[in-house]
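Please go through the pockets of the model shown below. The briefing covers their volumes and their linings.

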Amino acid sequence: MHKISVYQLFAITFIFQLGTTIVFGFGGAAGRDAWIGELVSCCLGVFVILIYIALMRMNPGLTLVQWFPAQFGRKIGTPLAFLYPLMSLYIVGRIIADIRDMVSTTVLANTPLIIIAGVFAIIIAYCVYGGVEILSRLGEMFLPIVLFLVFIEVILLFSSSVLHINNVLPIFEKGWEPVWKVVYPPGITQSFGETLVLAMFWPETKSPNKVMKITILATLLSGILITIFDMLAILVFGDMFSGFLYPLYTLLSLISIGNFIENLQMFGVLYLLMTALLKSVVHMLAAVSGIQQLTNMKSYRVLVVPACAIALFLGMTMSQNIAEHIYHHHFEILVPYVWMPLLLVLPVILLIVTWLRQLKKK
């Protein structure tokens with residue numbers, strides 16, 4: 001059985017947390033203070049992840065979906081645990097919709113949406129069929145590519161004379177309230193709370209004792225990278241940053257050096273395809289593995305095709321356009337009714353119950 005190495009765990013966690021945020025940007029509602037919102041979200045996100053690590057240590061050798069039956073009993077715990085595979089399936093559907101909209105509006109304008117979404121779903125199914133080994137190799141392959149692209153982009157932006165320090169000022173022009181609105185709950189849950197899904201794979205690491213150190217390090221670095229991207233977008237666009245659907249993609253279109261190096265938007269599409277694919281594979285593998293563990297099936301592989309078909313259906317039907325997809329489904333449905341209860345409320349309740357049960361045993 002394949003075990004995830006320390007480097008692979010770092011790569012998976014780092015790219016998973018970047019996700020689609022690397023193209024959509026973070027905290028547009030906070031305007032030019034969005035970068036502050038990301039830094040605060042990252043710091044609070046670390047505390048949320050420490051709750052997940054505590055649960056892992058209190059339930060040694062068990063995955064996320066096994067924690068609930070172990071602490072609440074099968075009658076209560078199993079239905080609660082089933083919510084997590086369902087959440088992961090829904091999120092894969094959202095990512096497919098992200099790919100459908102982004103690719104169709106940027107590079108493949110005349111390609112039928114079902115073709116774009118369908119090919120992406122097939123690639124997800126292929127990777128998930130390979131299991132944890134393929135996931136690990138995706139992570140270690142994508143990490144240097146993403147970091148190299150980021151390095152090149154930052155250098156080219158600084159060389160293009162498009163950054164204006166006055167665009168960041170004044171800081172806290174509208175006070176603390178707009179910043180806090182992007183921090184809680186969407187900022188804490190978006191990249192950092194979702195890390196709970198990786199608890200499906202923590203027992204399969206070569207060094208379980210290093211999970212906390214690696215996860216916190218990856219969280220801090222992904223938070224810093226998203227902050228840098230937000231800062232660059234604000235230095236270029238100022239308050240207009242909040243009006244772009246794809247601010248970090250638009251940023252790449254402004255790179256121009258000597259009328260020779262320009263139109264580098266393909267970098268943005270590459271970012272999205274790599275980070276979205278890895279995030280989709282994590283969620284889909286977590287979903288089918290979770291269902292397998294809860295139903296005592298011999299293998300999760302029989303679930304891969306039906307699960308990917310459901311995710312594809314969701315991705316094609318959940319929204320009519322990108323604005324509805326982001327503003328209505330994300331902020332009005334996903335954050336308050338899916339992420340808040342599953343990524344914050346239930347883990348805290350589970351932590352309290354687990355702690356009380358262990359106290360009682362002693």
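This is a predicted model: local features need pLDDT of at least 70, side-chain atom pairs count only at pLDDT 80 or more; totals for chains, interfaces and linings use all residues.

Residues are numbered from 1 along each chain as its sequence is written, and side-chain values use heavy atoms, without hydrogens and water.

Second largest pocket
- Two or more lining residues come from each of α5, α6 (113-129) and α11 (265-295); helices are DSSP runs of H or I with at least four residues, numbered from the N terminus.
- α11 provides the largest share of this lining, 5 residues.
- The lining has 14 nonpolar, no polar and no charged residues (nonpolar: Ala, Val, Leu, Ile, Met, Phe, Trp, Tyr, Cys and Pro; charged: Asp, Glu, Lys and Arg; polar: the others, Gly among them).

Largest pocket
- The largest pocket holds about 660 Å³ of space.
- It is lined by 29 residues, of which Gly 25, Gln 190, Ile 326, His 330 and Phe 331 are the closest to its centre.
- α2 (21-24), α5 (74-106), α8 (177-192) and α13 (322-361) each supply at least two lining residues, and α13 gives the most, with 6 residues.
- By class, this lining has 16 nonpolar, 8 polar and 5 charged residues.

Terms
- A pocket is an open set of points on a 1 Å grid over the protein atoms alone where a 1.4 Å probe fits, with protein on both sides within 12 Å along at least five of seven lines; lining residues have an atom within 4 Å of a point.
- Grid points are joined across faces, edges and corners, and a volume is the space filled by probe spheres set on the points.
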